[in-house]
Amino acid sequence: TIVTDLPMDFDTDPQLQAAYDFVVVGGGTSGSVVASRLAEVPSWRVLLLESGGSATPETAVPAFSLLAMDGDNKWDYRVAPQAHAQYNFKGHSSPYPLGKGMGGSSSINLMTHVRGNKRDYDNWAHLGNLGWDYHSVLPYFRKSEDFHGKVTNDNSEFHGFGGPLSVEAQSWSTPVQDALLDGGRELGYPVIDPNGYSQIGFSALDLTTHRGIRSSASESYLRPNIYRKNLDICTHAHVTKITFDDYNRAVGVRFLRKGEKEQEVFVSREVILSAGAVNTPQILLLSGIGGRHQLHKLGIFVNADVPGVGANLQDHPTVYGLTWKIKRGMGQNLINMVDPSVFADYRLHKRGVLTSPFGLEGKAWTSLGYTVDPAWPDLEFTVFSAHPALDNGFRIADMMGFERKFFGRYFSPLFGREGFTIAPMLTRPKSRGSVTLSSSDPTEPPIIDPNFLSSSEDVDSLIDGIKFSLLLGNTSSFRDALEAEFHDQALPGCEDLPYGGDAYWGCYVRHMTASSYHPAGTCKMAVAHDPMGVVSNRLKVRGVSSIRVADASVMPVLPSGGLHAACIMIGEKAADIIKEDWGVIF
Ligand SMILES: Cc1cc2nc3c(=O)[nH]c(=O)nc-3n(C[C@H](O)[C@H](O)[C@H](O)COP(=O)(O)OP(=O)(O)OC[C@H]3O[C@@H](n4cnc5c(N)ncnc54)[C@H](O)[C@@H]3O)c2cc1C
C-alpha cells in the first residue's frame, strides 16, 4: 500500500445496547458530524448506524478519486431516464455514484471546498427558515474548519482554524491552472477565495485534505472520537424503518445487520436521519411518512401524510464535453500516475500529482444572466486538465454513462491527445425532480429523477455558460501558453443545426447535460404553512415527533458550490440545535 494514513477501520462489530438516547442513521458527511458532536455530552448514549463498511484505502489518495467513485464505496444507483436531458447518454440515464460507507459521499467526492454564497443562506432565511441566514451559519463553517489555504486581509474573518476538517490549498497543478487564472484576468475577473468576501471571479482550489490525504467527514470527526465510551458505531447496518408508539413518537430503528435478520434498537430521545438526499426520504417513506397516495399504492401504513418527502429534488446540471486539444506535456496524462518516482514522492513527502483530484485545476463563478444580485453567481465553471476520452474510451465513458456509439463518433479524434475541458454548471437550477419508492422492499433502490432541464430557463442559462466557456478557452492565455484548439466537431444529434448558433448550443445542452452528483432538497426545510415542507427550522420532521433530518435533504435551495461544506455546516448546526432543545449548556 502506498499511504501510511489509511482510512480508519470502523468495522469493529460492536455489541449493541438495547436502547440509546440518540440513533444517527448514516455515517456519511453530516451524520459523522452529528454523531461526534452529540457524543460530546457524556451522559448521552449515541449509536451511529451505517449501511456500508469502512472506506477503502484508495479513497485516501486524492488523485484516485475517479477510482473511488467507481469502486466499492458507492451505491449502485442510476438516474431515471431523462425526458429533457442526457440524450447522448445510454438510455438517457447515467450512474449516480453516491457514497456508501463511512464518510459517505465525503469519502468519494472531488474534495473541492466551496461553501456557496452568502445570498444562498440569506435566501434560506428569507423563505422563512429562521436562523439559517449567512450571519447565523458562518460560525459553523468556521467552527468546522482547520484552514491552511491562503489567508489575506480579505478572507481571514471567513475562515476557521483548529476545527476538525482540514482544508488545504491544492499544491500540485498543470500549466492549465495558470492559463485559467490568466484567462480570467484577460476577461476582467479577479482571482478570489470563493469562501471569502466575494465569489465572482476565478480560483485555484482549496481541498478537504490533510497533508495531501483525503480528510473525509468520518476521518476528521469520528476518528478522533473513537475512544468515547458513549458512542457506538455499527457498520454494515442497513436501516429499513423507524418504529413509532401510539402517539407517533419515534421509539426504535430497525436495520439489517450484515444483511442478516432484521434487528431493532430502541431510542429514548431522538432519531437523526443523515442518510443523504436519496436515502433519507426513502427511509421516511418506508416508515410511513410521506405522500398518502404513494404510500397507499405500495401498501405502506401511513403514519403521517407529508407529501413533500422525496419531492423538490435538485441537483446542479453540468454540461460535459467542451474540450480543447493542447500541446503535449501541458495537461494530465495517466502515465504520470503510475510512475514509481511519483508514488515514492507521495509516500515520503505527500506531494506531487497524487495530492490532487485527478484533472481538477480550478473554478470560476460568473453572474451573466443575473436578475437579483450581480454578486450571486448563476454559473460555476470547473476546469479539468483532462477530458472524457483521455483513457481512449476504456472506462471513463461508461462511468459517465455516455452512449458508446456517440462516444466513439464524437470523442475518438481526442484519443491519445492531451486536452482540457470546461464544464459549466448551473448554480440555482429551476428544474425540480423527485425521489420515490420503486418498492416497499428497503433493499431496492429508489427511483431518482432529477428531471434535468424540465425548465427551459435552465437551458438558456447553460447556453450562456457554453458561450462564456468558449470565450475563456479561446483567450490568448490558453491559446499562447498551451496552443489550445477547441474540438469543434459537430455534436452527433445536433449536426443538422447551423454550427455555433443558439439552437445548436441548446441542442448541445440537452444532449450533454447530466448530474454533478449533488442531490439535495428532498426533505425541504420550510415554514409550517408550506404544504411541501418536511422539516422545521429546528430540523424536526412534520407529523411525528422525535425525528430530525440533518443532511443535504433539508436544503430548500441548492447552494452555489459543492454541497460538502454545507453538509458539514448542517451537521454542526443540527448538533447545537439538539443540544439546545435538550437543555445542554455548551
Ligand atoms: C462523486 C461525487 C463528487 C462530489 N464532489 C464534490 C466536491 O468536490 N465538493 C463538494 O463540495 N461536494 C461534492 N460532492 C457532493 C457532496 O460530497 C455531497 O453532497 C455531500 O457529501 C452529501 O452529504 P450527506 O451527509 O447529505 O450524505 P452522504 O455523505 O452521502 O451520507 C449518507 C450516508 O448514509 C448512508 N446510508 C444511506 N442509506 C442508509 C440506510 N438505509 N441505513 C444506514 N445508512 C445509510 C450512506 O451509506 C452514506 O454513508 C460530490 C458528491 C459525489 C457523489
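Reader: What makes strand E2 (residues 46-49) and E11 a pair?

Author: Four bridges join E2 to E11, and the two strands run parallel. Strands pair if DSSP finds at least two bridges between them, so four is enough. A strand is itself a DSSP run (E, at least two residues), while a helix is a run of H or I of at least four, both numbered from the N terminus. Across this pairing, Leu47 stands opposite Asp232 in E11.

Reader: Where do these numbers come from, and what kind of model is this?

Author: Residues are counted from 1 along each chain as its sequence is written. The model is predicted: local features need pLDDT of at least 70 and side-chain atom pairs count only at pLDDT 80 or more, while totals for chains, interfaces and linings use all residues.

Reader: Which way do the residues of strand E11 (residues 231-234) point, and are they buried or exposed?

Author: Leu231 and Ile233 point one way, Asp232 and Cys234 point the other way, and all are buried. In a regular strand, side chains alternate between the two faces of the sheet.

Reader: Why is Ile396 called partly exposed?

Author: Ile396 has 19 other C-beta atoms within 10 Å. A residue is buried at 20 or more, exposed at 12 or fewer, and partly exposed in between (C-beta atoms are placed from the backbone), so 19 is partly exposed. Ile396 is found in helix H11 (residues 396-400). Leaving out residues up to four places away in sequence, Ile396 touches Pro388, Leu390 and Asp391, where contact means C-beta atoms within 7 Å.

Reader: Why is helix H1 (residues 29-38) called roughly parallel to helix H16 (residues 564-581)?

Author: Their axes come within 8 Å and cross at roughly 30°. Under 35 degrees counts as roughly parallel, over 145 as roughly antiparallel, 65 to 115 as roughly perpendicular and the rest as oblique, so this crossing is roughly parallel. Axes are lines fitted to C-alpha atoms over the stretch in contact, with angles from 0 to 180 degrees between N-to-C directions. Among the residues making the contact are Val33 and Val34 of H1 and Ile568 and Ala575 of H16.

Key: Contact = placed C-beta atoms within 7 Å.
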